[in-house]
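User: Please examine the structure below and discuss the surroundings of its charged side chains.

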Amino acid sequence: MSSRFGTSTEKIDALNDYATSPLFSDAEKVVTDRDVDDELFARLQQHYNDDTIAELTMIIAWENASSRFNRAFRIPSQGFWKR
């Protein structure tokens, strides 16, 4: 089964183990790391240009803030992903 955005249920279920999962490409694995040191930034640059890195950073920051806001105010999921 896939989400409406084309991501498989299997891949979403594997998110907690993305670093070792064969379902994720090297490009996907590098954007899911959390601590951005010089080595990680160099790896990001192997897959993405500066504009894409900036956009990814903005999206990650927005999702993080949104998740914390929703959790604090007990706002339930809007059902964008259902099994």
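**Charged side chains**

Analyst: Setting aside neighbours within four places in sequence, Lys29 is in contact (heavy atoms within 4.5 Å) with Tyr18, Ala19, Thr20, Ser21 and Phe24. This is a predicted model, in which local features need pLDDT of at least 70 and side-chain atom pairs count only at pLDDT 80 or more, while totals for chains, interfaces and linings use all residues. Residues are numbered from 1 along each chain as its sequence is written, and side-chain values use heavy atoms, with hydrogens and water left out.

User: Which side chain of opposite charge is nearest to Lys29?

Analyst: Lys29 lies in helix H2, residues 26-32 (a DSSP run of H or I, at least four residues). A salt bridge requires a side-chain nitrogen of Lys or Arg within 4 Å of a carboxyl oxygen of Asp or Glu. Lys29 has none, and the nearest side chain of opposite charge, at 4.9 Å, is Asp26.

User: What is the N to O distance in the salt bridge of Lys11 and Glu28?

Analyst: Lys11 in helix H1 (residues 9-13) and Glu28 in helix H2 are 17 residues apart, so the pair links distant parts of the chain. Lys11 is buried at 18% relative accessible area, whereas Glu28 is partly exposed at 29%. Their side chains meet at an N to O distance of 2.7 Å.

User: How many residues apart are Arg43 and Glu39 in helix H3?

Analyst: The side chains of Arg43 and Glu39 form a salt bridge of 3.5 Å, N to O. Within helix H3 (residues 38-47), about one helical turn separates the two, because their spacing in residues is four.

Notes
Buried < 20%, exposed > 50% of the residue type's maximum accessible area, 1.4 Å probe, protein only. Lys, Arg positive; Asp, Glu negative; His and termini not counted.
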